[in-house]
Each structure stands twice: as structure tokens, then as C-alpha cells.
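Me: Could you walk me through this structure, one topic at a time? I have not looked at it before.

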Amino acid sequence: MSDAPEIRLSPGPGPGPGPGLHLREADLWLDPRRPQHRAFVSHAHADHVARHQRILCSPVTAHLLQTRYRIARERLCIQEFHECRNWQGFLCTLLPAGHIAGSAMLHIVDETSGASLLYTGDYKLRSSRSIESASWKTADTLIMESTFGLPRYVLPSASAIESQLCDFVKESMAGAHTPILLGYSLGKAQEIAAILAAHHIPFVNTASVAQMTEACRAAGLALPAASAWHEEIPHGHALIAPPQFLRHKDFSRIPRPRTAMLTGWALHPSARFRYGVDAAIPLSDHADFPDLLRTAEIVQPRRIITVHGSTRELAASLRARNFNAWSHFGDDQLELFADFP
Ligand SMILES: [Zn+2]
């Protein structure tokens with residue numbers, strides 16, 4: 001082990017749902033689930049949001065926190081991507097994480113010792129049609145998510161996934177079915193919309209998806225305007241809906257529905273049955289296993305801490321590749337598919 005300076009972590013509140021990481025000297029929490037006095041919030045998915053007293057976040061996340069979660073403007077410390085600010089002796093830079101609109105990684109450098117740390121939050125390496133791609137800085141310590149931290153999770157190419165999506169829509173329409181594309185209303189729904197638009201496939205959205213897309217547009221994202229579905233789905237259109245739409249009363253009003261879930265978990269053979277859908281298509285907003293390994297190559301850290309997901313397995317795979325990698329929750333019993341929603 002090296003005795004080079006490092007940015008130290010306090011133990012979080014426990015494994016629980018989501019990481020609880022505290023940078024001790026900077027006194028800054030990273031995506032804590034419980035309200036804290038000062039926290040970095042990487043993005044506006046509900047499992048990363050709590051009512052902290054002070055929140056460091058990107059401008060788009062700030063907009064979504066205010067409009068979606070009614071978090072007061074005066075709690076927000078808004079910082080542009082790539083801008084560097086001094087936070088009590090620590091130089092903080094937010095980098096795009098490529099996960100959803102506004103998602104950020106945090107790069108932090110101890111001004112005194114020069115030690116650096118990169119916290120990824122949720123991220124992906126591959127590019128999107130709807131958001132900015134991730135960008136990187138090297139760091140001594142890398143704290144990385146492990147959602148798809150098992151070797152079996154290898155996504156097909158982006159073009160193969162888009163083909164699956166377009167084929168599903170076209171085959172459904174050819175069979176006089178209504179294609180319903182299911183994905184989280186923040187992030188996945190906008191990516192589905194961007195893919196459909198690129199392939200000239202018309203679509204409408206449920207009200208909740210349309211509201212979220214409009215919130216992203218209002219925050220400055222270049223997305224197609226979101227038309228909401230009211231009475232009937234126009235002929236030749238797909239419907240973009242959140243996963244819970246399958247249990248909504250409006251679902252039963254749709255003639256001859258054919259459903260597809262858009263999720264990285266579609267890589268699991270049982271996904272279609274587990275979600276109760278006609279198809280599962282592996283469109284993900286997380287890094288797959290090869291990209292998790294590639295992240296370590298890019299960042300070149302002296303130590304890696306894995307959080308959220310298959311932390312122990314990913315750390316072991318990284319150690320097998322000569323990285324000093326350990327799970328933040330190393331003593332926990334791993335439950336396979338604990339995060340399988
Ligand atoms: Zn997320």
C-alpha cells in the first residue's frame with residue numbers, strides 16, 4: 001500500500017438503499033439518502049434526492065430539484081460543468097456523467113496535499129442522443145457505481161439496441177398493435193424519444209413523461225417537444241410511458257397494446273417475464289461491465305471504492321486487473337440482483 005496523501009472517507013450510514021459517503025476533511029456528503037447539512041447531489045433521480053441544507057449540483061439538476069421536488073433555490077449551490085470552485089480548501093469540478101439530464105460526477109482536489117478523488121454517481125461511458133456524454137479527469141481515488149458489476153452484463157452496441165427498438169415498433173404496427181415503450185420518466189423516456197425522432201417514428205407521451213420532458217427542455221436541453229396523449233393514440237404512433245403505466249387504468253383503454261420495457265436489466269434472461277411485458281430491450285443509462293472496467297483504465301486511480309450494486313464482485317474483477325479496488329460495504333452479504341427493480 002502506498003502512503004501517498006489521499007482524500008479520506010467517513011463510513012456512511014450503512015449499506016441501505018444507496019451509498020452514504022462522507023468526505024471527512026471537505027465535510028461533504030455524496031448522494032446521501034438522509035438529509036445532511038452539505039451534500040453533492042449527482043442527479044435528480046428520486047433515490048439520490050433528499051432535503052439537505054446545502055446542495056451542490058449542476059444547473060439542470062438544480063432546475064429539476066426545484067420543479068420536481070420543490071427544493072428551495074436558496075439551498076442550492078449551482079455549479080456549471082467543468083467550472084472549478086474552491087470549497088473550503090478543496091477544488092471542486094463537476095463533470096458530465098452521461099446518465100440522465102444534468103447528471104454530474106464530482107472531481108475534488110485537496111489544495112494542500114494535492115490528493116484527488118473522482119466520484120462517478122450513476123454514469124455511463126457510451127454516448128446518448130438526448131444528453132451530453134461523460135467526460136473525465138484522472139484521480140488518485142475513484143469511487144464508482146457498480147450497478148452492472150458482474151461479467152455477464154455486457155450490452156449490445158448502441159446501433160443494435162436502436163434496431164431492436166425500431167423493429168419492435170414497426171412489427172407491432174404491422175400487426176395492428178399499439179407499441180408501448182416503457183422507461184423511467186426522467187432520463188430513459190427522453191432517450192427513447194430522441195431515438196424515435198432520429199428514426200422518424202412518430203410518438204406521443206403519457207402526461208407524466210410529457211411533463212418531465214418539458215421540464216428538461218425548460219432547463220435547456222435540446223429535446224423534441226413532448227406531445228401528451230389524451231384520448232386516442234394517433235394511428236401509426238408509439239406511446240412512451242413510465243413502467244408503472246402497466247398498472248394504470250388508462251392502460252386498459254389502449255386497443256391491442258404491445259409492451260416493451262427499456263432497461264439494462266433486459267440482459268437478464270427472465271426480464272421479459274419478470275416485468276410482464278412482450279419484450280425487454282437493453283437500453284441502459286448505466287455503464288455495462290466492460291465500461292466499468294474501462295473507467296478504471298481511464299481514471300488511473302491508486303485506489304478504487306465500489307458502491308451501489310455488485311460492489312464486491314466488481315472490486316474483485318478490478319483487483320484481478322491489478323487495481324487496488326474494494327467495496328465500500330465490503331463486509332456485507334451480497335444479494336444477487338438486490339437492485340433488480
Ligand atoms: Zn440514476
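Reply: What follows goes through the metal site, a sheet, the cores, a helix and the cysteines.

Me: What should I know about the model before we start?
Reply: This is a predicted model, in which local features need pLDDT of at least 70 and side-chain atom pairs count only at pLDDT 80 or more, while totals for chains, interfaces and linings use all residues. Residues are numbered from 1 along each chain as its sequence is written, and side-chain values use heavy atoms, with hydrogens and water left out.

Me: Ok, which residues are the protein donors of the zinc ion?
Reply: The zinc ion has His43 (NE2), His45 (ND1), His99 (NE2) and Asp122 (OD) as its protein donors, at 2.2 to 2.4 Å. Donors here are N, O and S atoms within 2.8 Å of the metal (3.2 Å for Na, K and Ca), and because water is not among the atoms, sites may look incomplete. Along the chain, the donors are spaced as H-x1-H-x53-H-x22-D.

Me: And why is the site of the zinc ion called irregular?
Reply: Its 4 donor atoms make angles of 91 to 166°. Four donors count as tetrahedral if all angles lie between 85 and 135 degrees; four count as square planar and six as octahedral if opposite donors are over 155 degrees apart and all others between 65 and 115, and anything else is irregular.

Me: Is His43 buried or exposed?
Reply: His43 is buried, at 0% relative accessibility, and His45 is buried too, with a relative accessible area of 14%. Buried means under 20% relative accessible area, exposed over 50%, and partly exposed in between (1.4 Å probe, protein chains only).

Me: Switching topic, how many strands form the open sheet?
Reply: The open sheet has 6 strands in the order 1-2-3-4-5-6, with mixed pairing. Strand 1 (9-10) and strand 6 (76-78) are at the edges with a single partner strand each, so one side of each has no neighbour in the sheet. Strands (E, at least two residues) and helices (H or I, at least four residues) are DSSP runs numbered from the N terminus, and two strands pair if DSSP finds at least two bridges between them.

Me: How do strand 4 and strand 5 run?
Reply: Strand 4 (residues 38-40) and strand 5 (residues 54-57) run parallel and are joined by 3 bridges, with Arg38 opposite Arg54 in strand 5.

Me: What about the largest nonpolar core?
Reply: That core has 23 residues, and those touching the most other members are Leu23, Leu30, Phe40, Leu56, Leu106, Ile108 and Ile143. Another core, of 22 residues, lies apart from it and includes Leu118 and Val299. A nonpolar core is a set of buried Ala, Val, Leu, Ile, Met, Phe, Trp, Tyr and Cys residues joined through side-chain atoms within 4.5 Å.

Me: Which residues of helix 1 are buried, and what covers them?
Reply: In helix 1 (residues 59-69), the buried residues are Val60, Thr61, Ala62, Leu64, Leu65 and Tyr69. Their cover includes strand 5, strand 6 and helix 4 (207-218), judged by contact, meaning heavy atoms within 4.5 Å. Just after helix 1, Arg70 has a positive phi of about 55°.

Me: Last one, how many disulfides are there?
Reply: The count is 0 disulfides, a disulfide being a pair of cysteine sulfur atoms within 2.5 Å. The sulfur of Cys57 has its closest cysteine sulfur in Cys77, 8.0 Å away and too far for a bond, and for Cys92 the closest is in Cys84, at 7.5 Å, again too far.
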